[in-house]
Amino acid sequence: MNGNSLGYRIKKDFRRNWSLYLLVLPVIIFYAIFMYKPMYGAIIAFKDYTPAKGVFGSEWVGFENFNRFFGSPYFGRLLRNTLLLSIYSIIFGFPAPIILALLLNEVKGRKFKKVSQTITYLPHFISLVVACGMIKDFCLTTGLFNDIIVLFGGTRVPLLQDPAYFRTIYTVSSIWQEVGWGSIIYLSALSGVDSQLYEAASIDGAGKWKQLLHVTLPGIAPTIIIMLILRMGSLMSMGYEKTILLYNPSTYETADIISSYVYRAGLIEQDWSYSTAIGLFDSVINCILLFITNQISKKTTESSLW
């Protein structure tokens, strides 16, 4: 066998690092069984699927399910709500853990820092059902939020019954749940910034603000960019769990998103082909956004996923 051939190099590397390949084998098996094998089921998006006939026995209908979704009166509302919630999440939710990490990084008292981190991490570990139950209780006309509104001279309103408040409640509560957990990766990135850079900046007369702008942020910029690329790759994938726990028919106007509609169409109405077509459309858009964002980042910042 040619010593420079790909097959020879792979065989040689396997002999040398067989223990590492053995360690990664369970991960490969997991992804093969639970991630890639089920993907063949996506073909029911192009069929009139019935369980009795099975995936391959059901009749082909081509793009009928996609056309049905695009022509649906709900299409515009679902797309608008999904995009708006995602954009709000990026504008307000994405910078929040970065800001928290920067603030915690400046805290000198170890005990206070640990207590602050623990308090901000805790909401992430609360069950989503419990967290949404708390949010519902706070939003009642007799709840905490209305007590605060009355304290400042306002009137009591059923917050989760009014479509105008849903996006604000969803976005703010998401920040509360994930800001602490999301800050961990930025705190790790901050620990990797060379302390000598701060010393050099201080000698040059740079205060805390200039050190932040010229040392800290550039130091963690690659991490921020990678996280933003990943977030853009899931722009259309708002989780349905929190939405269906908080919304109701009176707030569908602003609360109903693509994933919650897929849940109703697929599991409640049992229209499996139609819901699969919607989910496939959602995934394709996410992939396109991921590739576009990655290419833009590669050309402008030289940081990218690949």
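Tutor: The discussion below takes up helix packing, cysteines and individual residues in this predicted model.

Student: Why are α12 and α16 called roughly antiparallel to each other?

Tutor: Helix α12 (residues 208–232) and helix α16 (residues 272–300) pack at an angle of about 155°. Angles over 145 degrees count as roughly antiparallel, and α12 and α16 are therefore given that description. Their axes are 8 Å apart, and the crossing is right-handed.

Student: Which residues make the contact of α12 with α16?

Tutor: On α12 they are I225, I229 and M232, and on α16 they are L289, L290, T293, N294 and S297. The residues of this contact divide into 5 nonpolar, 3 polar and no charged.

Student: What makes α5 and α12 roughly antiparallel or roughly parallel?

Tutor: Helix α5 (residues 75–93) packs with α12 at an angle of about 170°, with the axes 11 Å apart. The cut-off for roughly antiparallel is over 145 degrees, so α5 and α12 are roughly antiparallel to each other. The contact is formed by S86, S89 and I90 of α5 together with L228, R231 and M232 of α12. Its residues comprise 3 nonpolar, 2 polar and 1 charged.

Student: Why is C139 called buried, and why is C287 called partly exposed?

Tutor: C139 has a relative accessible area of 3%. Buried means under 20%, so C139 is buried. C287 has a relative accessible area of 43%.

Student: What is noted about the phi of Q270, and why does Q270 count as partly exposed?

Tutor: Q270 has a positive phi of about 55°, although it is not a glycine. Q270 is located in the loop between α15 (258–268) and α16. Its relative accessibility is 48%; exposed would require over 50% and buried under 20%, so Q270 counts as partly exposed.

Student: What makes N294 buried, and with which residues is N294 in contact?

Tutor: N294, in helix α16, has 0% relative accessibility. Buried means under 20%, so N294 counts as buried. Leaving aside neighbours within four places in sequence, N294 is in contact with I229, S304, L305 and W306. I229 also belongs to the α12 side of the contact between α12 and α16.

Student: How do you know whether A201 is buried or exposed?

Tutor: A201 lies in helix α11 (residues 195–203) and has a relative accessible area of 11%. The limit for buried is under 20%, so A201 is buried. Leaving aside neighbours within four places in sequence, A201 is in contact with A206, Q211 and V215. The C-alpha atoms of A201 and V215 are separated by 7.9 Å, and the two residues are 14 residues apart along the chain.

Student: Why does I203 count as exposed?

Tutor: I203 is placed in helix α11, and its relative accessibility is 71%. Exposed means over 50%, so I203 counts as exposed. The C-alpha atoms of I203 and I29 are separated by 54 Å.

Note on methods:
Residues numbered from 1 in each chain as written. Predicted model: local features only at pLDDT ≥ 70, side-chain atom pairs only at ≥ 80, totals over all residues. Heavy atoms only, no water. Axes fitted to C-alpha atoms, helices over the stretch in contact; angles between N-to-C directions. Helix = DSSP H or I, 4+ residues; strand = E, 2+ residues; numbered from the N terminus. Parallel < 35°, antiparallel > 145°, perpendicular 65-115°, else oblique. Left-handed = near helix turned anticlockwise from the far one by under 90°. Contact = heavy atoms within 4.5 Å. Nonpolar A, V, L, I, M, F, W, Y, C, P; charged D, E, K, R; others polar. Buried < 20%, exposed > 50% of the residue type's maximum accessible area, 1.4 Å probe, protein only.
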